[in-house]
Amino acid sequence: MEMSRERFEELVGEALDEVPEELLGLMNNVVILVEDDPPPGEADLLGLYEGHALTERGWDYSGVLPDRIFIYRRPILRICDNDEDVIDEVAVTVVHEIAHHFGIDDARLHALGWG
């Protein structure tokens, strides 16, 4: 599947627009980034959350760089057959990584259908 980086970034933005305002308002000190490729050795990784989940932040959480959510363009495009597939996979990946920011682990996300 081929898609420009610009169009892919638009889809990430559209997926974020679908996240309820109440949840977006609770996100704290986190940025969402689109990268073409995941880290070396992780070719199949669609997204990644790096940081301190909200559930892990204590009284001493201060002065830290923002958490980062990465959405990886090429791996998502590799597993998709058409634009509709990309839209769906981007939405699932965005929700999945945001859930990690809220402290939800992979096992729970898979059980909820957001694996």
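Which residue in strand 3 is the bridge partner of Leu48? The bridge partner of Leu48 in strand 3 is Phe70, and this pairing belongs to an open sheet of three strands with the order 1-3-2 and mixed pairing. The structure is a predicted model, in which local features need pLDDT of at least 70 and side-chain atom pairs count only at pLDDT 80 or more, while totals for chains, interfaces and linings use all residues. Residues are numbered from 1 along each chain as its sequence is written, and side-chain values use heavy atoms, with hydrogens and water left out. Helices (H or I, at least four residues) and strands (E, at least two) are DSSP runs, numbered from the N terminus.

- Strand 2 and strand 3 run antiparallel and are joined by four bridges, and Gly47 stands opposite Ile71 in strand 3.
- Five of the six residues of strand 3 are buried, so strand 3 is largely enclosed by the rest of the structure; buried means under 20% relative accessible area, exposed means over 50%, and partly exposed lies in between (1.4 Å probe, protein chains only).
- In a regular strand the side chains alternate between the two faces of the sheet.
- Strand 2 has Gly47 and Tyr49 on its covered face, whereas Leu48 and Glu50 are on its uncovered face.

- Helix 4 lies across strand 1, strand 2 and strand 3, and runs at about 160° to strand 3.
- The axes of helix 1 (residues 5-17) and helix 4 (residues 83-101) come within 9 Å and cross at roughly 55°.
- Helix 1 and helix 4 are therefore oblique to each other, given that angles under 35 degrees count as roughly parallel, over 145 as roughly antiparallel, 65 to 115 as roughly perpendicular and the rest as oblique.
- On the helix 1 side of their contact are Phe8, Leu11, Val12, Ala15 and Leu16, which meet Val86, Ile87, Val90, Ala91, Val94 and Ile98 in helix 4.
- The residues of this contact between helix 1 and helix 4 divide into 11 nonpolar, no polar and no charged, where Ala, Val, Leu, Ile, Met, Phe, Trp, Tyr, Cys and Pro count as nonpolar, Asp, Glu, Lys and Arg as charged, and the others, Gly among them, as polar.

**Two histidines of helix 4**

- His101 is found in helix 4 and counts as buried, at 0% relative accessibility.
- Leaving out residues up to four places away in sequence, His101 touches Met27, Asn28, Val30, Tyr49, Ala53, Leu54, Arg57 and Asp67.
- The C-alpha atoms of His101 and Ile69 are separated by 8.5 Å, although these residues are 32 residues apart along the chain.
- His96 also lies in helix 4 and is buried, with a relative accessible area of 8%.
- Residues up to four places away in sequence again not being counted, His96 touches Asp106, Leu109, Trp114 and Gly115.

**Two loop residues**

- Asn29 lies in the loop between helix 2 (21-26) and strand 1, and is partly exposed, with a relative accessible area of 27%.
- The phi of Asn29 is near 55°, which is a positive value in a residue other than glycine.
- Pro66 has its place in the loop between strand 2 (47-50) and strand 3 (67-72), and counts as partly exposed at 37% relative accessibility.
- Apart from its neighbours within four places in sequence, Pro66 is in contact with Asn29, Val30 and Val31.
- Pro66 and Glu42 are 24 residues apart along the chain, and their C-alpha atoms are separated by 23 Å.

Conventions. Axes are lines fitted to C-alpha atoms, for helices over the stretch in contact, and angles run from 0 to 180 degrees between N-to-C directions. Contact means heavy atoms within 4.5 Å. Two strands pair if DSSP finds at least two bridges between them.
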